[in-house]
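Subject: Structure handover

Hello,

Here is the structure I said I would pass on. Please open it and keep it beside you while you read my notes below.

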Amino acid sequence: FPEQGSNSEWARFYYYQGRIKATQLDYSEAHKYLVQSSRKAPQNSANGFKQHVTKLSITVELLLGNIPERQVFLQKELKAALHPYLQVTQAVKSGDLARFSEVLKTFSSQFVSDHTYTLITRLHHNVIKTAVKTISLAYSKITFADIAQKLMLDSPENAEFIVAKAIRDGVIEAELDHDHGIMQSKDTSDIYGTREPQIAFNQRIEFCLDLHNHSVRAMRFPPKSYNKDLESAEDRREREAQDLELAKEMAEDDDDAY
C-alpha cells in the first residue's frame, strides 16, 4: 500500500486486511490490523465505518479468548449498534451454551448483515472452553457424564474429548482418569506458576512495538521535502543583485530630489 496514502485510505486498508486475516483464522494479525484501523479512522466523523471496525474487532477479540472491556459497548455513538455483540460477549464470558444459542438465533439477521455471522458461529467452541474452565474451578473431581450434561453434549465420550483438548491447549489444569471416567482438577491458586503472565506480557510488548513502528512511519517525510521551499544559491545571488540595484535607484532618486 502506498506510504503517501491518507489516514482514511489506511484505515480502510487495515480494516479489509483484518477481515481477510480473520477469515483465514489468523486472529492475532486480524486484531492488530483492526486496532490500527480504528486508530487511523476519523475521530469525529465516519460513525458507520467505526461501527463496522468495532463489531469485527469485538468478534476477533472473543475468538482470541479475550473479553472486550465494558466501556467499548457504552460509547454513545456505538451503544445501540453494539447491543447484539454485548449479548454475545456476556454469553461467551459466562460459558452459557443455551444463552449463546438463543442470542445467535435472535440476532442472526443482524450478524449476517454485518458479515460477522460465520465468525460468531466459531465462538461456540470458545463458549465450551469457558464452561469447561468454570467447571474445573467449581469441582475438584467430576465425572464425564456430569460434564456432558452441563455442556449439553451427546455422550460422556464427547465430554472427555473436549476436556482433553482444553488440557492440551492450557485452558485448564487437570488430570483425566479414563478408567473411572472422571476429571480431577489441579490446584492453580498461584497464577504465576502458569504461562498466563508470560502470554499477557508478550501481548503488551508486541502492542508497544507496533505503536512505536507506526508512529515512526507517520513521522517520515518524502525524500528532500525539507528543502523544497528553500531558494538555490543562484536564486539567492539574483535576489541580492536585484535588492542592490533597487537600493541604488532609491539613492539616486533622493539625490535628484535635493
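Let me start with helix 5. Its buried residues pack against helix 4 (83–94), helix 6 (108–113), helix 7 (117–121) and helix 8 (123–138). Bear in mind that this is a predicted model.

Which residues of helix 5 are buried? Helix 5 covers residues 97–106, and the buried ones are Leu97, Phe100, Val103 and Leu104. Look down the axis of helix 5: these buried residues fall within an arc of 125 degrees, so they line one face of the helix. The general rule behind such a pattern is simple. An α-helix has 3.6 residues a turn, so residues three or four places apart point the same way. Now turn to the face of helix 5 that points away from the buried side. Glu102, Lys105 and Thr106 sit there, and they are exposed.

Strand 2 pairs with strand 3 (residues 182–185) in the antiparallel sense, over four bridges. To find your place there, look for Glu175, which stands opposite Gln184 in strand 3.

Best wishes

Note on methods: Residues numbered from 1 in each chain as written. Predicted model: local features only at pLDDT ≥ 70, side-chain atom pairs only at ≥ 80, totals over all residues. Heavy atoms only, no water. Pairing = 2+ DSSP bridges. Helix = DSSP H or I, 4+ residues; strand = E, 2+ residues; numbered from the N terminus. Buried < 20%, exposed > 50% of the residue type's maximum accessible area, 1.4 Å probe, protein only. Arc of directions from axis to C-beta. Contact = heavy atoms within 4.5 Å.
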